[in-house]
Every structure is written in structure tokens, then in C-alpha cells.
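Please read the following walk through a structure with the sequence and the 3D view open.

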Amino acid sequence: MTETAIAHPAGDGRPVSPGAGAPPGTPPALELAGVHKAFDGKPALIDAGFTLRRGEVHALVGENGAGKSTLMNVATGVYAADAGRELVDGELVRIRGPVDAAAAGLGMVHQHFRLVPRFTVAENVRLALGRRAGSPAAAAALVAAKAEKIGFPVRPDARVADLSVAERQRAEILKVLLLGARVLILDEPTAVLTEQESDALLAFTARLATQGGSVVLITHKLREVAARADRVTVMRQGRTVLDGAPIASVSSAEVARLAVGATVAPVARPRRAPGGPALTVDGLAHRRDDGGVTLDGLTLSLREGEVLGLAGVGGNGQSELVACLAGLAAPRAGSVALAGRDITTASPAARRDLGLRVVPADRFAFGLIRGFSVADNLALAALRRGRYGAPFGVARRRIRRDAEAAIRDHEIHGAAPGRSTGLLSGGNAQKVLLARELDDAVRVLVAHSPTRGLDVRAAQAVQAAIAAAAERGVACLLISEDLEELMALSARIAVINRGRIVGEMPVEDASAAALGALMVGHA
Amino acid sequence: MSGFLVGWLAAIPAYAAPLLLAALGLILSERAGVLNLSAEGVMAIGAMTGAAVVLSGIAPTLGILAGVAAGAGLSLVFAIVVVVFRGDQTLAGLTTVAVGIGLAGVLGRDYVQKPFAGIERFGADAAPATGAFERFFLQQDPLILVTLVLVVAVWWFLERTRAGLQLRAVGEDPGTADVAGVDVQMVRIAAVVAGGALCGLSGAYLSVAASHVWVEGMIAGRGWIAVALVIFARWDARRALLGALIFGAAEALGPRLQAVGAPVPTYLMMMLPYALTLAVLVLSSLVGRRGTDEPAALGSIYLRQDKS
Amino acid sequence: MLDGLVITRRFDTPTWLLALVFLAGIAAGLAMATALLVAIGVPASALFNEVIGEAFMTASGLAQTLTFATPLICVGLSAAVALRLRFWNIGIEGQLWLGALGATAVALGDVGPEATRLPLMLVAAALAGAAWIALPLVLKLRLGVSEVISTLLLGSIAFLFAQHLLFGAWRDPATGFPISLAFDASERLAALGFGRTHLGLPIALAAALLVWFLVDVTRLGFYGRAVGENIEAARAAGVPVIAVTCAFVLLSGALSGLAGGLIVAGTEHRMSLTLGAGYTFSGIVIAFLGRFRPLATVVVAVIIGGVFTASDVFKVFYGISEAVVVLLQGLVLFGVLVAQFFGAYRISRANWGASA
């Protein structure tokens, strides 16, 4: 068995002083300098740097797309940088892949966990540890022992696919520690957790640091981690704009200003009085192909001009709800009605004709077509309404004119009618989709995580578009894991947990703690 | 009637073995995430090479090994195209079939339709058997026993060994396997080549053991049935054994009926394995478990530098 | 493996690079094919004469090439139409057999007046081909059964059905060979007066024009592109996915069936068991090399027809198996598959840790 450098963390999570545990003169645990990396010619990192001391919790902060994850992926050899150098414990290293990273004591927990879903926890550990894990039984014992030691309840024989997100994260951290990580890099670890789960995780990282481990918290939400971090590094547009300042020396407003470059005005909540019923979902039930229950009698209703926020930890039935509403999945029971008309079994085309529009979480899943030009994507849905000529024709010139107008009106940067949609940035692609879905016939908009992965300005534009639609009388179902966004836009917030609505409250009564409690089912 | 039954049952393994060998090979490849349609062509090159080597006066056992090597060699080309050069796996598989059949035809023109003494059945020079079991056993050959051993070996390898764990991880989640230090490309290439060796063995079995002759087109769609068999078996070696016996039984039925003089429409009987395969595909999708056993990364291209 | 090299996806490959790697791939494939032919005993000097000279430069050779190209155009279109929806029609031969059987049934049964016999034969051929792909289509749409295998299995079944008829009810009673009786004059497509070329050639060209119009001009084609790129997105956008899929796939089957009808009515003038082999792979190769574009398909089909002509020469003069046709096509396709990698990905050398 391998003994990791991180000893049994026995602390109680009390805040530690900056650089705790490392005597003066100790070389940094990890140092990156002058890192450049481009994806297909587009620079993602420009002369980026980062220094991590031994025994500290270091927040790496920046907007989505600022290069935080890319930089850490370079550090652990997932991506090969175009230039730059890396030092571990003061020694120049060349990390060409995950094996080198593990040997250097670097362990990263990615946003998409590196666990094979169909394997058990023990099998995953055996895969990662290779020869060191020994027989299947030995690997299981190793997991159990480590889980006991660090106080994580992880069952070795549980299939990863059956675990909750928080449990998977624990299994992943445990795996990385078993691999001998002295530097633990957590990529947006709290994005998928409730407030309570986040607290537990952050307390754990603080314990690790007091025991001499080093932790990098990659996050775009400074407030959450500020209390637990010792120092902070800020990145913007691929560059390091604040390099390892003690957390006490900078205000959170200053960090926010550095991360964003300029502040953006928050979107005002729509204040229109709700009208008549627009969308009614009653007792909706759905199962996966393998029999797993995803929706379990879900009931909700929203009215014209109202934004209903739907909060919940990802994977609690949100995607299935969206698919059922779009007409792409068939519910086993229950009904969906649009303005009083039953559409439970209606085709996607019929729903569209009635004014239902869906923006999926992955805009290229069933929103946009990557290989289509912007003009073709914009025209695709309008063709059937007869806008572009006779039933068998395609009025190319008119499609092009409309596309030019849409690009202008919605400020879709980098777009041209003939340009392939897949080449647009996430924010601009999302604007294309919203330009198409928020047409003049829209009555109900279902938007699933519409700002996920977008930079602040693009997210603000998307939120403004949703708010404006609601002011026009469109009923909006906003499904999001971002409680701030929900509280900014919604009139009411419902919580989905294991395929059911477990609570609903006016936004005035909502708080992160109250919603979080409902999201994990402690209510 | 019992005479017919014993004769039929005794004939099944020789029909089932080549299907099973090829299916095992495809399982190895597909559990590593490489969609493999190449069996028909790899079997063709294996059958031709085996026959050509034996016709050149070399021992049948070495002929079989030559068929194995030829199958592995052609599969290496397929593996390089799809793994290193990321070619479309469906199209590359079809192309491998074409190249395999084409090479077998072009290189094997001097060996067509020349009977030879290959691997014999256990009962080849024994006295006519009396007991039912004896009659059954004497109809079998050593390679059938090898095939049974290989079923266990493939299953054990995939489910019990560390290399098998790595192979399955590559087929389920190559990104995770990569982070775990598994060389995704090498594992995929190795799995495809090992699978090709088994398909080559399957082809060589047809010419060197089952027919003792080689003709163009002798694989006659068995490679495709093996592809379907893998789906039926849900990528599990043990279920492949069961499936191969069912298909072998269907294939053996027509000739046995003819042998006992039953008036059967020959060509309609020959449709049976194909129709059965289709029926099985339909049934296995009706059961609704579709997708749950398929390797999650089957047919996907892995690139470490992809932004996830 | 290859860890020193870094491979990244290209998101916007310039057209000139796509064309370059495509042509380089074909060249590499042809080089492999040439090396192979020389290795098995075809003099290198003869290669040029046989392939280019005989197949395209002499009147009789060109006529032969165009005769071969006639059904090849149809199967190439068939594969291209289906592949536009990412539907792998690997049962082209099966639909072709059914088409040939359908046309033959009309001819042998003397269905309808003589004046409409030929059109009826071709319609029957197209319908039979469409009918034969209908089952895999339904299985795919209703149950998600992979069309790769179902179309292929039905191909084998179709061939066995042809054997069943030709070794049985349709066998030529005079000779006992497994061929049908010859068709009457009114059941044969008129010769064009250039070698063995026949009216089927303009029919195939007209089919190509029709397919071009459908898939490149009309709304059906626009929808088809959406379904092929992203079926869920198309469905969610209100595209009638089922109808579009049915239209494309049935058209694919009909084109393969038509190919069978053109062969029996134009070239063979009877049903036989040798007329349909090898068309599936040729169809896919033609569609792929023609980039799934109907009019480019015609050009590629004529070139592949030349390969068929050359193979006849190889067979007669050098005793080379006709399997060489499928081998040559396979090698060229391998060449293109490998070459496309260099268009789809950027390959660079890792420069990590060199200096700061």
C-alpha cells in the first residue's frame, strides 16, 4: 500500500493562517510560469502563471473561459502547453500525462469526474492505481481503509453510476489521495453541491491543508470559498491578473473587478403581473430505459408573464423534464397542458406551433445544429410556418436577409449568415438559439441552465432576454443550478429533488440555505 | 428420429465454433470501444492463408497459426486507420472487409478449390461409433476444444485481470482510462489485433478444419452473423457461446435434413441463420435492455486534447 | 503512443486543405494499388495502357465503362442519399437483387401491354428495392435496430431468394443453368448504338438530376441535412423527422432496385446469379468519393466503371481474380480515410518545458 504524504486530517476545519505549515524558504509546492496554450489557433492561456505554497488552500478565481481549468489541465499534463515551465517542490518537471502528474504528487478532481460509471468504486481505484492496488479484494480493502481514515463514507462495492454527485466527488477525492496526491486540485467542486455539502467539502480541504497538503480550489464563485482560502489568484482571458494575494489583502469587490474587467449591471426581475395559466404539468412520471425513475409525479404550473425558477442538484430529473416538455421523451404517466390544451402526446412540431419553446442545457444537443450555418439554424424552425416559401421550397435569399437582421438585432458577435454555428463562442451560439426561440409566436419558454458556461456579459445578455420575454407576457420556466440567477429572475422558486417538486416559495421567502435544504431532501 | 437428432447435435459445434471465435474477437475489440465490422474480411484472409500454407506442404497446425497471423495483420491495418488516424469506424470496417476479401481472392487464385488434408475430426480414422455420446464426440475436432477454452479465457481476461479492467475502462470512458495512466491508443490497437487474431483463427478453422478446401466467398456472411451475435450476446463471452450454439444449430439444420433425405427447399433453409439473426436483433431491442450493456464509448473517437 | 505529438481538432478546415488531403488520399490509395498489381505480376507499363487507355481512350473500352457505370451511378446515388441521413445502407445488393427480380417477374409474366412493359419493369424494380429496405427502416425507426446489420442480413436473404427462384421455378428448362429465359425485344432497353450502352445510361443520369434537385434544392433536402447532422435538434425544431427519413431511405432502396432493373433490362436481358455481386461496396465507395453529392457521384461512378473494365482485362490477360476490383476500391478508401485525418486534426510537436 502506498502511504500518501497527506496524513490523517484530524483538524476541526478552523481557518488557517496564510502559508500555514510551510517553514520560510520552502519552495512552492507547484509553480507555473509563462504558460501559453492555444486551441486551434485560439489562445486559451497567455503567459499565465500560478504559485501554490505547501500547506495552503489557494483559490483560483475567474469567469468561465478565463483559463483556470485549462491552466490546471496543463499542470497535470492533460493538455500539452505550447510554451511555459512547471516546477514541483522547486524542481523543474516535465509532465506529459497523468502518470507523470501522479508521480509528481499532483492530483486533480475534474468537473467531469474521472470515474468509469459502470465500474464500482474499488474497480475505479484499481484502474487508477494499477499494480499498486493488488487484487480486487485488496483494492476494496484499500478504499475502505482510506475512507475510514479521512472520514469519508464511501462504499467500495457501490457502482459509481448509482452514487449521488456528492458521493461521486468523495470517491474521486479518495481515489486521487490514494494515488499519492500532495497537491489536490479541485475544479469547480461546489458547482454541483448544495450549500450544506459545500460546507462539508470546504471544511475537509481546510483540514488537508493544516496537515501539510496543498489545495487548489478552481471556482468562479469567490464568495463561497473566500472564507476557506488562504490566498487567491485571479485569471482573466487567459492571463493571470492577480498572482497569489493573501485573501485578507483584497476585497471581494476588487477580486470581482479583476476577474470581470468591468462590472455589469444586474438584470432587473420582471415585474409584470402574471396572467392566465400558460403551462400546467400534472403528475409527470418518467423512467430511463434501464428502469431508473427520473420523474416521479412531478407537478407544477406557471402563468403568463411569470418566471418560475426550478432549483435542484443536477441529475434530479431536470433533463428528463425538459425532454418530456419538448416532446422528445414520452412520460409514463401524467399530463402536460399548454394554455389549457393537453399536449402530453403532441409532437415537438405541434408543441412548437402552440408557442412552446425549449432551450436545452446543451445547446447543441437538441437546440442548434453544429454543422449548420447561422442562417440555416435560424430558418430551420420557421420553415414549417411558411415564412420561406411554398411547402417544398426554400427561399434562400429571404433566409439570408432574416439572418442578417437577427445577427444585428441580437448583437451576435462573430456571426455571419453563412458561418458555421459550431464556430461561435458559447455565448453567441446561445444568442442564436434565443433569437430563434424567442420569436413573435412564443408563449412558453423552457430554459435549462441557459447561462452555464457563458462569460458574465453573455450571461447577462441571456438573462436580460429572458426577463424581456417575461415582460412581454411569455411564461418562463427557468431551470438552473445557479441559485443567484434563480433568485435574480424568478417570481417563485420550486425545488426538484429525485424527480418531484419538494417545495415551492415566493422569491421573497427564498434563501440559499432554505433551497439547499430542500435540494438534498432534509426538509 | 434419434439418429437424426444425434447427427444434428453432433454437427452443431463445427458450425458454431467459427461464429463463436469471430464473436469473441469482436467482443475484445468492441469492449475496448472500437466498433468492429471487419470480421467477414479478416476471416476471409485467415481462411485463404491457412489453406495456402497447408497446400504448400506445411503442417495444418502451422496453417492455422498462419491464418491467425494473417488475421492479426489485416486487423493491425484496420486498427491503425481507426485508432491512430481516427478514421470513421463503420466505413473503415467495411473497407477492411473489402480489402480482406479482395486480397484473399487476388493472392489466393492458385489455391482455389484444391482439397487438402487439414485438421481431422477425432473420429476420422476410428471405427464407426455406436453410442450416442461417442457418435457425438467423434464428430468434433481439437479446435472446438480450443474454442471452448478461449471462451473461458476471454471472459476471465475481461472480468478478472487488471489488463481486462484497463481494456474495459478504455471502452467505457477513455478519458478516465487516460488519466489513470492507461495508454488508450495502445490498448485499442492491441484489442483490435487480438480480436483480429481470433477472427483469423475462425477463418482458418473454416478452410483447414471444417472444409479442407478453400474457395472464394467461403466465409459466406458468417462474419456478419458474428457481428450480430456480439449484439445478441450483449458483449459477454458466455452469452456469445449460447448464441453461437443457437446459430450453429440453425445453420446445421438444413444440411442434416437433406442428409436424411427430407424434402426441404435448400435455399429457403439457408436463409434460416440470417432470418434468425434478424429476429434475435429485433427481440433483443424489444426486451428494452438495449444500450445498457453496450460499451459507452463504442465507436467514439478519443482525443486527449478535446475540450470537455 | 505518439506522446511527443499533440493532436488537436480543427474547427474550421480551409477548403483548399480538405481538397488537398482528399486528393492526396486518393493518390496514396492508387499508389498502394499499383504496387500491389505490380507485385502480383501485372507489368507496370501495362497498367497505364489497361486502365486509362483501354477503359477510357478506346471506343469499345469507353462503351464498356459507361455500361458498367450505368448501374454504378444508381447504387452510388443510393448510398449517397442514405448516408446523407447517416443511414448505412449495406443492403444495396439485396435491393438490387429484388429490383432485378421485380423487373424479371414483370417481363416473364408478360404483365400489361407491350408498350408499357419496360416502364412497368423499371417501376417494379424501384418498388421492389424500396420494399426491401422498408423493413430495416421500420425496425430502425420503431425499435432502434441497427440498420448496418439488418440491411446486410436482408441482402443475404435476397440473394438466397434469387437462387431459390433460379434453381427452381425460373430455371432455364433448355439448358438447366440457373438463369431465366431471355427477355423479349420489347422488354429490353434500346441500345444507344455505342457498344453495349443502352437507354439505362440516360435514365441513370436523369435519376442523378432528380436526386440532385431533391436533396440540394428542395425543402426535403434541407430537412434531410438537419436530420443527418442532428436528429434530435431537427425533431425539436419541428422537422417531420420520420417522414423525411422514410423519404430518403425509401429513395435509396428504390435507386438500388432501379440499378437491378437496368442491369436485367439493359445489359443481361435475363435474370442470372452473377449480375449483382460487389455493388454494395462500390456504391458506398462512389458515394464517399463523390462527397455524397449527386452530380459528383456520376463522375466517380464512371471512373469506377473504368476499374471494372480494366479488371476484365486483368482477368483475361493476367489471370487475376475479379476480387481485384473490390481490393482496389478498398485501398483507395483506406488512403482517403487516413489522409482525411490530416484535414480534420492539427498535429504539432509538444514544446512544453523547453524554456521560459
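Predicted model: local features only at pLDDT ≥ 70, side-chain atom pairs only at ≥ 80, totals over all residues.

Residues are numbered from 1 along each chain as its sequence is written, chains are lettered from A and ligands numbered from 1 in the order in which they are written, and side-chain values use heavy atoms, with hydrogens and water left out.

Strands of a sheet pair through backbone hydrogen bonds, either parallel or antiparallel. Here helices (H or I, at least four residues) and strands (E, at least two) are DSSP runs, numbered from the N terminus, and two strands pair if DSSP finds at least two bridges between them. In chain A, six strands make an open sheet with mixed pairing, in the order β6-β7-β8-β3-β9-β10. Strands β6 (106–109) and β10 (239–246) of chain A each have a single partner strand, so one side of each is left without a neighbour in the sheet. From one strand to the next, the twist averages 15 degrees; axes are lines fitted to C-alpha atoms, for helices over the stretch in contact, and angles run from 0 to 180 degrees between N-to-C directions.

Within this sheet, β7 (residues 183–187) and β8 (residues 214–219) of chain A are parallel and pair over five bridges. Leu184(A) has Val215(A) in β8(A) as its bridge partner. Helix α6 (residues 195–210) of chain A touches β3 (57–61), β7 and β8 of chain A, and its direction makes about 150 degrees with that of β8(A). Helix α8 (residues 252–260) of chain A touches β3, β9 (231–236) and β10 of chain A, at about 25 degrees to the direction of β9(A).

Chain A also has an open sheet of four strands, ordered β12-β11-β14-β15, with antiparallel pairing. Its edge strands are β12 (293–303) and β15 (341–342) of chain A. Strands β11 (residues 277–287) and β14 (residues 333–338) of chain A pair over five bridges, and Leu279(A) stands opposite Leu338(A) in β14(A).

Next come the interfaces. Chain A and chain B bury about 2300 Å² between them, 54% of it on carbon and sulfur atoms; buried area is the accessible area (1.4 Å probe) that two parts lose on being put together, summed over both. The contact takes 28 residues from chain A and 29 residues from chain B. In chain A, Arg114(A), Arg118(A) and Leu127(A) lose the most area to chain B.

Which charged pairs join these two chains? A salt bridge is a side-chain nitrogen of Lys or Arg within 4 Å of a carboxyl oxygen of Asp or Glu, and the count between chain A and chain B is two. Glu172(B) pairs with Arg118(A) (3.1 Å, N to O), and Arg168(B) pairs with Glu123(A) (3.5 Å, N to O). The latter pair runs from helix α7 (residues 162–172) of chain B to helix α3 of chain A.

Chain C and chain B bury about 4400 Å², 80% of it on carbon and sulfur atoms. Chain C gives 49 residues to the contact and chain B gives 51 residues. Across this interface the rule finds zero salt bridges.

Notes. Contact = heavy atoms within 4.5 Å.
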